[in-house]
Amino acid sequence: MGVDGRALVLGGGGVTGVAWEIGLLHGLREHGVDLTTAGLVVGTSAGSSVAAQVLSGVPLAVLFEAQRAGAGAEIAARMSVGGLLKFVVAGLWPGDPARGRAWLGRQALRARTVSESDRRAVIARRIGDGDWPRSRLLITAVAALTGETRVFDAASGVSLVDAVAASCAVPLTWPPVTIGEVRYIDGGVRSVANVDLAAGCERVVVLAPITQSARRSGRPAAQLAALGSHVRGAVVSPDAAAREAIGRNMLDPSRRRPAAEAGRAQAAAEAERLRAIWA
C-alpha cells in the first residue's frame, strides 16, 4: 500500500492516453489538486510512461508543453481489426486467464513489428534514462510465453526504461521486450489499469483512458469497487470533448496536442470531487 494511504492508478491508452493523462494531471495541479503526491503509483502501459515522467522531478507544466509540441520522436501505428479481435479472444479465454494471455503473447512473438531496439529508444526519449523514483511505483507487464503477470518496482533489478518498455509493448503492434531471459508484453493485457494493485490504500484515484475490458471484472470501476466499501475513490475517464480530441486511433502521435489540451480542460470539472477524496 502507499505510505500515506493514497494511490494514483494510471491506466493504458496509447500515445494519446499519455497526453490526456499528463494534461489532466497538469490541469488538476493548476486547480490545487496534486495527484502526484500519492504514496503509491500504479502504472500500466501508457500509464507506466506517465508515471515515470511525472515522478521524475520534471515539472508537470514542462511535460504538458512537450505533449503540445506535436508528434516528436514517436512512431505512428494503428492496431488492426484482427488485432483487436485477438485481444477480445484472449480476454474471454475460458478457465485460467493466464492461458489466454499466453496465447496472445505467442501471437505477439511471431508478429512483424519495428525492432525492439528502435522501440526501446522511443521509450527512452519519452521518459529519459533516469533511475526509479523515490515514490513507490509499480509497473505491470505480462510474460509472453506463460501469460504470468510481472510487477516491476525499484527492487526488481530492472531499469525503469526496460520496465516501461515492457509495460507498453502492445502485442501485435510493438515488439515484446526482453528482460533477462523473458520476453514481456503490455501490462494492459491483464487489465487496462490493474487497480487491484492499490489494495490496502484508503484513497484511490484512477485515470483511465480506456474503461472497457472483455471481462467486467477487469474494468477499472469494478476493480475499484472490489477494493472494499471503506475505500474512497474515483475513476476519471475522457469526457466527450476529450474522446473527440483523442480520435479513433490511440496510437496516433499527431493527436497528442489535442488530447493533452482536452485533459487539461477536463480537470476543471473533476477538481472538486477529486479534492474531496485526496485532501
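On a 1 Å grid over the protein atoms alone, a pocket is an open set of points where a 1.4 Å probe fits, with protein on both sides within 12 Å along at least five of seven lines, and its lining residues have an atom within 4 Å of a point. The model described here is predicted, and for that reason local features need pLDDT of at least 70 and side-chain atom pairs count only at pLDDT 80 or more, while totals for chains, interfaces and linings use all residues. Residues are numbered from 1 along each chain as its sequence is written, and side-chain values use heavy atoms, with hydrogens and water left out.

**Pockets**

The largest pocket holds about 1,300 Å³ of space, a volume being the space filled by probe spheres set on grid points that are joined across faces, edges and corners. Its lining consists of 41 residues, and those nearest the centre are Phe 87, Gly 188, Val 192, Ile 210 and Gln 212. Helix α4 gives the largest share of this lining, five residues. The second largest pocket has about 260 Å³ of space, and among its 16 lining residues Gln 53, Ala 66, Arg 125, Arg 126 and Ile 127 lie nearest the centre.

**Nonpolar core**

A nonpolar core is a set of buried Ala, Val, Leu, Ile, Met, Phe, Trp, Tyr and Cys residues joined through side-chain atoms within 4.5 Å, where buried means under 20% relative accessible area, exposed over 50%, and partly exposed in between (1.4 Å probe, protein chains only). The largest such core has 57 residues, and Leu 25, Leu 35, Phe 152 and Leu 207 have the most contacts inside it. Eight of its residues, the largest share, come from helix α10, which spans residues 256–278; helices here are DSSP runs of H or I with at least four residues, and strands are runs of E with at least two, numbered from the N terminus.

**Salt bridges**

The structure holds twelve salt bridges, each being a side-chain nitrogen of Lys or Arg within 4 Å of a carboxyl oxygen of Asp or Glu.

Because Glu 30 lies in helix α1 and Arg 264 in helix α10, their pair ties together parts that are 234 residues apart in sequence. Glu 272 and Arg 275, by contrast, are three residues apart in helix α10 and so are separated by about one helical turn.
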